[in-house]
Amino acid sequence: MTDVEVNPPAQRHAAGDHGRPAPQVDVLPARDVPLGGPRAMTVRRTLPQRARTLIGAWCFVDHYGPDDVADTGGMDVAPHPHIGLQTVSWLFSGEIEHRDSLGSHAFVRPGELNLMTGGHGISHSEVSTAGTTILHGVQLWVALPEEHRHTGRDFRHHVPSPVRTGGAEISVFLGSLAGDTSPVPTFTPLLGAELVLDPRSTTTLAVRTDFEHGLLVDQGDVRMAGTLLRPAELGYVGTGNDTLTLANESDAPARAVLLGGTPFEEQIAMWWNFIGRSHEDIVEARQAWEDASDRFGTVDGYDGARLPAPALPNATITPRKNPTHH
């Protein structure tokens, strides 16, 4: 998916349960972002924002739907470029056709991971299929570390088998959780999993103590480490926890996406669909896209023109990293 806005709001902090120690949970609210184009699609963005740039190497979290495509027109994102990142597509309902300049032609379906690596440069298109009636899912980005940020194009598809733990059904699409491990390799230690929590259930998960975690709630009210998270909110907990307790406070199943990873200590310069380390990296990539450089290749099979790059800001794009968590 393409990014056209990074104007983060303030963070809301929530305390843990009183009377007993609980990990500090920061609650990051979502903001509505209309994606540009002839058919504007509004997403709810929780990362990045002022309070937090990354969770592990996860640097971008967009949450959309459920959208009736008869009303919204669905998703139609023309070919656009990426550098320095991986895109992770995960759907709850609907279907999206993916084409990229590596030559991949694949479909994103519920419960199936599509991961695309755009290190030195890749371009792709995303279009919801004619059979899609309700479009609902998340689009996630992973920042590549310095030593791998110019890696070659790659595309992976994986269908995890759900596992049961306590009152949760878990689909692990990246990393390891609840005894299951995704075979998809990552450039930094990462976790990505969909959790479906039984009504009024509590589940305690064993997690890596060197990971920080974020829980994005899709439906239901979920209490994480004693802090209530409502739909579209992202709860953050820092490193040092060996378990994470999740309670579904709803009378219906709750659904959430758990993201994790070791803290990403590098500063990143993030603009439009590019992740570099400096203003100059961004300027160079933008010019290469405008010049139709071989750096990004071409996407075959998309019916329409590719997306032009937006104008650069008048100010220098400043690299940033996370604030110190205390």
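Reader: Which residues does proline 145 touch, leaving out those up to four places away in sequence?
Author: In this predicted model, proline 145 touches Phe187, Thr188, Phe264, Glu266 and Arg277, not counting residues up to four places away in sequence, where a contact means heavy atoms within 4.5 Å. Proline 145 itself is found in the loop between β12 (134-143) and β13 (154-158), the strands being DSSP runs of E with at least two residues and the helices DSSP runs of H or I with at least four, both numbered from the N terminus.

Reader: And is proline 145 buried or exposed?
Author: Proline 145 is buried, with a relative accessible area of 7%; buried means under 20% relative accessible area, exposed over 50%, and partly exposed in between, with a 1.4 Å probe and protein chains only.

Reader: What should I know about numbering and confidence before going on?
Author: Residues are numbered from 1 along each chain as its sequence is written. The model is predicted, with local features needing pLDDT of at least 70 and side-chain atom pairs counting only at pLDDT 80 or more, while totals for chains, interfaces and linings use all residues, and side-chain values use heavy atoms, with hydrogens and water left out.

Reader: Which residues are linked in a network of salt bridges?
Author: The network links Glu146, Arg149, Glu266, Arg277 and Asp281, a salt bridge being a side-chain nitrogen of Lys or Arg within 4 Å of a carboxyl oxygen of Asp or Glu. Glu266 and Arg277 are also among the residues that proline 145 touches.

Reader: Is arginine 149 buried or exposed, and how does glutamate 146 count?
Author: Arginine 149 is buried at a relative accessible area of 10%, whereas glutamate 146 counts as partly exposed at 39%.

Reader: How many salt bridges are there by this rule?
Author: The count comes to 17 salt bridges. One of them joins lysine 321 and glutamate 265, with the closest N and O atoms 3.8 Å apart. That pair links distant parts of the chain, since lysine 321 is in the segment after α2 (279-290) and glutamate 265 is in the loop between β25 (254-261) and β26 (269-271), 56 residues apart. Lysine 321 is partly exposed, with a relative accessible area of 36%, and glutamate 265 counts as exposed at 53%.

Reader: What about phi at arginine 200 and alanine 225?
Author: Arginine 200 has a positive phi of about 55 degrees although it is not a glycine, and it lies in the loop between β18 (190-197) and β19 (202-206), where it is exposed at 52% relative accessible area. Alanine 225, also not a glycine, has a positive phi of about 50 degrees; it lies in the loop between β21 (222-224) and β22 (227-229) and is buried, with a relative accessible area of 10%.

Reader: Last one: how many helices and strands are in the protein?
Author: The protein has two helices and 27 strands.
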